[in-house]
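Subject: Structure for your review

Dear colleague,

Please find below the structure that I am handing over to you. My notes on it come after the display.

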Amino acid sequence: MTEPRAERRGVRISDPQVMRALAHPARLTIMEHLSSLPEGATATECAEIVGQSPSATSYHLRELAKAGLVEPAPSRGDARERVWRTVGSSWEVDAGRDAEPDAVAAQTALIEAWLGRELDRSRGWLRRAPTEPPEWYAAARLSDSQLLLTAEELTELNDAIDRLLEPYRKRTRTDPPAGARTVSIHYKALPVE
C-alpha cells in the first residue's frame with residue numbers, strides 16, 4: 001500500500017501492486033502533472049498532457065485511485081466534472097532492503113519506466129537546444145560529478161539539495177516571475193563502486 005510521509009506530505013510507495021499500477025508512461029505523466037497542481041485536474045485536462053483520449057485517461061485515473069495514489073478533489077462548481085488530485089505532493093519508491101523478488105521486480109520496472117521518461121526529456125532538449133533562446137541554452141545543464149562522500153555526507157547533501165529546490169517547486173510556487181518555465185531537475189546520487 002502507500003504510506004503518507006510527514007515531510008512535504010509525500011507518499012512512500014512500497015507495495016508491488018501500487019508500483020505496477022504506476023509503471024505505465026501515461027500514469028507517470030498523469031501523476032507528475034497532478035503533483036504540480038494542488039487543485040487537481042479533470043481527465044480531459046490530463047488527456048491533453050498525456051496525449052490520449054479523455055476516456056483512456058479516465059481509466060488510468062481510476063487505476064491510480066485504486067492504487068491509492070489519486071483521489072477525487074473538490075469540484076470547481078460544475079457538478080458534472082470530476083476533478084482528481086494526488087494524495088501527496090510528492091512520492092518516492094522504496095520496496096525496502098529485504099524486499100521479496102516480486103517487489104524488487106515491480107520497483108525495477110517502475111524506476112526503469114521513470115528513467116525512460118527522463119531520458120526522453122533529455123533527448124528532447126538536445127533536439128531543441130539549437131533553437132532555444134540564448135539565455136535558456138546557456139542556463140540548461142547536463143553534467144555528471146563524481147564525489148567522494150560518506151553515507152552521512154550524502155544524506156546531508158541530499159537534504160541540502162531538497163532545501164534549495166523547495167522554493168521553486170511548481171506545486172507551491174504561486175507567483176513565479178515572468179518568463180519562468182517548467183524545468184525538470186533529474187537528480188540521482190548513487191554509489192558507483
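Predicted model: local features only at pLDDT ≥ 70, side-chain atom pairs only at ≥ 80, totals over all residues.

Overall architecture

The protein chain contains seven helices and six strands. In sequence order these elements give the pattern β-β-α-α-β-α-α-β-β-β-α-α-α. Along the principal axes, the C-alpha atoms occupy a box of roughly 55 × 50 × 30 Å. The radius of gyration of the protein chain is 18 Å, which agrees with the value near 16 Å that a compact globule of 193 residues would have.

Of the 193 residues in the protein chain, 30% are buried. Among contacts with a separation of 6 or more, 60% are between residues 24 or more positions apart.

Packing around helix H2

What angle do the axes of helix H2 and helix H5 make where they come within 10 Å? The axes of H2 (residues 25-35) and H5 (residues 101-128) cross at roughly 75 degrees. Since angles of 65 to 115 degrees count as roughly perpendicular, H2 is roughly perpendicular to H5. On the H2 side, the contact is made by Pro25, Leu28, Thr29 and Glu32; on the H5 side, Leu110, Ala113, Trp114, Arg117 and Arg121 take part. Sorted by class, this contact of H2 with H5 has five nonpolar, one polar and three charged residues.

Helix H2 also meets helix H4 (residues 54-66), with axes that come within 10 Å and cross at roughly 75 degrees. H2 is therefore roughly perpendicular to H4. Here H2 contributes Ala26, Arg27, Ile30, Met31 and Leu34, while H4 contributes Thr57, Tyr59, His60, Leu61, Glu63 and Leu64. The class count for the contact of H2 with H4 is seven nonpolar, two polar and two charged residues.

Individual residues

Proline 25 lies in helix H2 and is one of the residues that H2 uses in its contact with H5. Is proline 25 buried or exposed? Its relative accessibility is 51%, and because the exposed class begins over 50%, proline 25 counts as exposed.

Glutamate 39 sits in the loop between H2 and strand S3 (41-42). With a relative accessibility of 47%, glutamate 39 counts as partly exposed. Which residues does glutamate 39 touch, not counting those up to four places away in sequence? They are Ala73 and Val83. Leucine 126 is 87 residues apart from glutamate 39 in sequence, and their C-alpha atoms are 33 Å apart in space.

Aspartate 102 belongs to helix H5. Its relative accessibility is 44%, so aspartate 102 counts as partly exposed. Leaving aside neighbours within four places in sequence, aspartate 102 is in contact with Pro16 and Arg20. Glycine 88 is 14 residues apart from aspartate 102 along the chain, and 25 Å separates their C-alpha atoms.

With kind regards

Key
Residues numbered from 1 in each chain as written. Heavy atoms only, no water. Axes fitted to C-alpha atoms, helices over the stretch in contact; angles between N-to-C directions. Helix = DSSP H or I, 4+ residues; strand = E, 2+ residues; numbered from the N terminus. Parallel < 35°, antiparallel > 145°, perpendicular 65-115°, else oblique. Contact = heavy atoms within 4.5 Å. Nonpolar A, V, L, I, M, F, W, Y, C, P; charged D, E, K, R; others polar. Rg over C-alpha atoms; globule rule 2.2 N^0.38 Å. Buried < 20%, exposed > 50% of the residue type's maximum accessible area, 1.4 Å probe, protein only.
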